[in-house]
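Q: Hi! I'm new to this one and would like a friendly tour. Can you bring it up?

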Amino acid sequence: MRLRRLRLWVALLSVEYPECWVVFLSVLAWAILLKLALGESAGPMCSMHDGIYRAPIASSTIFDGRVVTFCQHFGTFIVHWLPMLLAMMVPPLLGSLRLVAGRSLWSRRHRAMALVLIGYVMLWTVFGLGSELLRQAIPSRFERGSLAGSFLLAALWQLTSLKRRHLIQCHRDPILAPSGWRADGACLRYGCVLAARCGLSCWALMAACTASGHAFWTAVLITSVVWAERFRPALSPRYSSGALVTGALLVCTGYLA
Amino acid sequence: MRTRRDVWKLANDLSDKTLYWYSVAVGEMQTRMFDQPLSWKFQAAVHGYKASLYPPLRPGEKLPVPGIQAKYWNNCEHASWFFLPWHRIYVFLFEQLCRNVILAKNGPKDWALPYWDYSHPSTAKQRTLPDPFRQQKIGGTNNPLYTNRAPGVNTGGVVGTDQQSENTTCMKSSIFSGVLPNGFGGGPSTPMQFSGYTGSCENAPHNLMHDAIGGTVDWMGDPYSAALDPIFWLHHANIDRLWVTWQGAPNSTFPSDPAWNSQTFDFFDPAGNPKSYAVKDVLQTKGPLCDYIYENTTNPLGPTPVSVTTGKPSITASGTALEALARKVMRKSQVIGASTEPSITLGSGVASVSFPLHEPAPIADIGKRALSVRESAAPSQTVHLALENITATDKPIYEYEVYLSVPEGAAPRSHPELLAGITPRFGLLEASESASKHGGQGLNLSFDITEIVSALQKKGEWDPKNLRVTFAPHDAHIDAALASEGRPVPARQSVTVGRVSVYTLPGI
């Protein structure tokens, strides 16, 4: 009887909140980020100093006396990048995912959302790889300066009208075919389009996050800014900008990685 | 407390003190320079501004600095759940501004903006433009209430068609905000000039009457110039009155979402000082900000409560419970069919699109079973036709009548019982522009087709496996009328509909 009732509740949750599994995915991603931050290494090919991820991915290198290939570097990058992306950037997508579910035939709702998510993650991963390569090109003695600088750049970007314009464009609705390969293609494409639009809007925030080497507390700060502008659009951008300037100050004083 | 009165219940000339003093206030504001926040053109530009549509600058006149323009101009909220509250603030501040001018000239202290109830069923005259707005000159001087309008409007013709001016369909919307269906007040959005989800009241009568008054080339037909026409404010007072009327229905409710009621908008107050106003301040016309009532707020559907889901007389409950109920219903909406073409292009002829319909998933009673609620009656269901991502790249465009299941070879107009609704011209181009403050996704409209489907089912003419939707231009007559007045007739441009779909909403 209890099991039947539980199944009905799950069915009800799935009917009314088809995007709920994405929320679970995001919670799981936060748990992984927290675990990484607590120093439990994600793999043998990366090291953590001050909570900052330090694995070079540009080429094969000698690390801890072993040759580490590009593929291994890439794997390590993905282990850090994916949880960060799912934790930070996916919750603001929930409205768009819900809309995709709502515009899809009932039997296709979860498939449609999954395809959008795949498209979104694929394109963001390309962005992430690019920014990671850029970060590693910066000599380590400039790391703190570049992190503080990226926070200040993000604070400035928050105040520009261009940022607000991109934010408005961020969640434009898709035209979805009802079924078949056209519907699948439209969902994947929409995921990529969402990533591109969000990238235009949030590039400075994600750059700050990358500059910190995906450090946990930086991720928390950046996430609060991203979520605030998504879920509390009435909030003045001055608040998020102020939070980022504070972040820069904390970096300069050594309190933030 | 001041009372906004029906303009057609006032004397139909400037001997009436309300209209006389309105013309005095408008005339005074029109003499002020454009860069003054309390001038006529500045107030109009708050709604929308495009240099090519505005009168040329007078000698010595200049535009405000770009920072002021960016912050205070082109701010009108359309196709969004902010449409009604933003326009309530806007019209109220304008009314206060008129009142300040009138008081400064020793006019009546109880002056209030009148409204134009063009949907009133009493006489056809109610749908003609009142005389004081139609006379180009009064006593040899220019009438400040006169401007060019669609053919026939300034000569005393009936304005718009029955479908354009009707106000009963929107009154059947029992939720305030939603996404396909869009509810009475439009879909949730961040603040932007044209978001994309047009509420039922915004489409008819608001958008369609803008089209009827302004036609294809005159001020009222374009959001960037509409507020330059003095009838704009009476039109919007009427839309605001419809909101009050809808609020008066026992089942009406508002979103409790702080993203809606805490949102603020920037204006100049009637003293000319910058000020922000919140949505929550204008949910009632009797305070905390506003101080007026309407002469008549009788619901055109009658006093009977309307069901949240069926549009039929049904339940009553508290506002909070109803809002929760409405949200629950919205969460169970499902697509049962959609057009398969990438998009549908509409031009000057009749166009049709057919697509398969699917059986709705049996989800209606899952909630009841989970909550152990006993079924008290057969679940009701509403059916909605959605036109998604309607866009245009240039204007003018046609309005289109949208019909369901018109028999093969028959003229759509010979089947008025199959008319689902009309697509607007007003704001469509702006909603399609991705630049500036617009969403850029075009408009999304929803029409409740439950009654049409039910009537077709009764006649055995409803095909549950396939649906044909037909589009026919609605206002082609304007071109011939413009030509007969010797005015230029711009070529109509095409409209694209991204997707046509059918949604069902379960009962409770």
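Q: Let's start with Ser150(A). Where does Ser150(A) lie?
A: Ser150(A) lies in helix H6 of chain A, which covers residues 143-159. One thing to keep in mind as we go: this is a predicted model.

Q: Is Ser150(A) buried or exposed?
A: Ser150(A) counts as buried, because its relative accessibility is 11%.

Q: And what does Ser150(A) touch, leaving aside its neighbours within four places in sequence?
A: With those neighbours left aside, Ser150(A) is in contact with Ala204(A), Ala207(A), Ala208(A) and Ala211(A). Take Ala208(A): 58 residues separate it from Ser150(A) along the chain, yet their C-alpha atoms are 4.9 Å apart.

Q: What about another serine, Ser201(A)? Which helix is Ser201(A) found in?
A: Ser201(A) sits in helix H8 of chain A, residues 180-211. With a relative accessible area of 0%, Ser201(A) is buried.

Q: Which residues is Ser201(A) in contact with, again leaving aside neighbours within four places?
A: Ser201(A) is in contact with Trp157(A), Lys163(A), His166(A), Leu167(A) and Cys170(A).

Q: Let me zoom out. How many helices and strands does chain A have?
A: Chain A has 10 helices and 4 strands. Reading from the N terminus, the order is α-α-β-β-β-β-α-α-α-α-α-α-α-α.

Q: How much of chain A is buried?
A: Of the 257 residues in chain A, 47% are buried. As for contacts in chain A with a separation of 6 or more, 77% of them are between residues 24 or more positions apart.

Q: Now helix packing. At what angle do H9 and H10 of chain A pack?
A: About 170°, with the axes 10 Å apart; H9(A) is residues 216-231 and H10(A) is residues 237-252. The two helices are therefore roughly antiparallel to each other.

Q: Which residues meet there, between H9(A) and H10(A)?
A: From H9(A) come Leu221(A), Ile222(A) and Val225(A), and they meet Ser240(A), Ala243(A), Leu244(A) and Gly247(A) of H10(A). By type, this contact of H9(A) with H10(A) has 5 nonpolar residues, 2 polar and no charged.

Q: And how do H4 and H5 of chain A cross?
A: Their axes come within 8 Å and cross at roughly 140°, where H4(A) spans residues 94-102 and H5(A) spans residues 109-137. H4(A) and H5(A) are therefore oblique to each other. Their crossing is right-handed.

Q: Which residues meet in H4(A) and H5(A)?
A: On the H4(A) side they are Leu97(A), Val100(A) and Ala101(A), and on the H5(A) side Arg109(A), Ala112(A), Met113(A), Val116(A) and Leu117(A). This contact of H4(A) with H5(A) divides into 7 nonpolar residues, no polar and 1 charged.

Q: Over to chain B. How do the axes of H4 and H8 of chain B cross?
A: In chain B, H4 (residues 83-104) and H8 (residues 231-248) have axes that come within 10 Å and cross at roughly 130°. That makes H4(B) oblique to H8(B). The crossing of H4(B) and H8(B) is left-handed.

Q: Which residues make that contact between H4(B) and H8(B)?
A: Among them are Phe83(B), Tyr90(B) and Phe94(B) of H4(B), along with Phe232(B), Trp233(B) and Trp243(B) of H8(B). The residues of the contact of H4(B) with H8(B) comprise 11 nonpolar, 3 polar and 2 charged.

Q: Switching topic, how many disulfides does a search of the whole structure find?
A: The search finds 0 disulfides over all chains. Cys98(B), for example, is in no disulfide, and the nearest cysteine sulfur, that of Cys290(B), is 15 Å away. Cys98(B) counts as buried, at 0% relative accessibility.

Q: Last stop: where does Ser343(B) lie?
A: Ser343(B) lies in the loop between strands S7 (334-338) and S8 (344-346) of chain B. Its relative accessibility is 34%, so Ser343(B) counts as partly exposed.

Q: What does Ser343(B) touch, not counting residues up to four places away in sequence?
A: Ser343(B) touches Thr496(B), Val497(B) and Gly498(B). The C-alpha atoms of Ser343(B) and Arg499(B) are separated by 6.0 Å, though the two are 156 residues apart along the chain.

Terms used. Residues numbered from 1 in each chain as written. Chains lettered and ligands numbered in written order. Predicted model: local features only at pLDDT ≥ 70, side-chain atom pairs only at ≥ 80, totals over all residues. Heavy atoms only, no water. Axes fitted to C-alpha atoms, helices over the stretch in contact; angles between N-to-C directions. Parallel < 35°, antiparallel > 145°, perpendicular 65-115°, else oblique. Left-handed = near helix turned anticlockwise from the far one by under 90°. Contact = heavy atoms within 4.5 Å. Nonpolar A, V, L, I, M, F, W, Y, C, P; charged D, E, K, R; others polar. Disulfide = S-S within 2.5 Å. Buried < 20%, exposed > 50% of the residue type's maximum accessible area, 1.4 Å probe, protein only.
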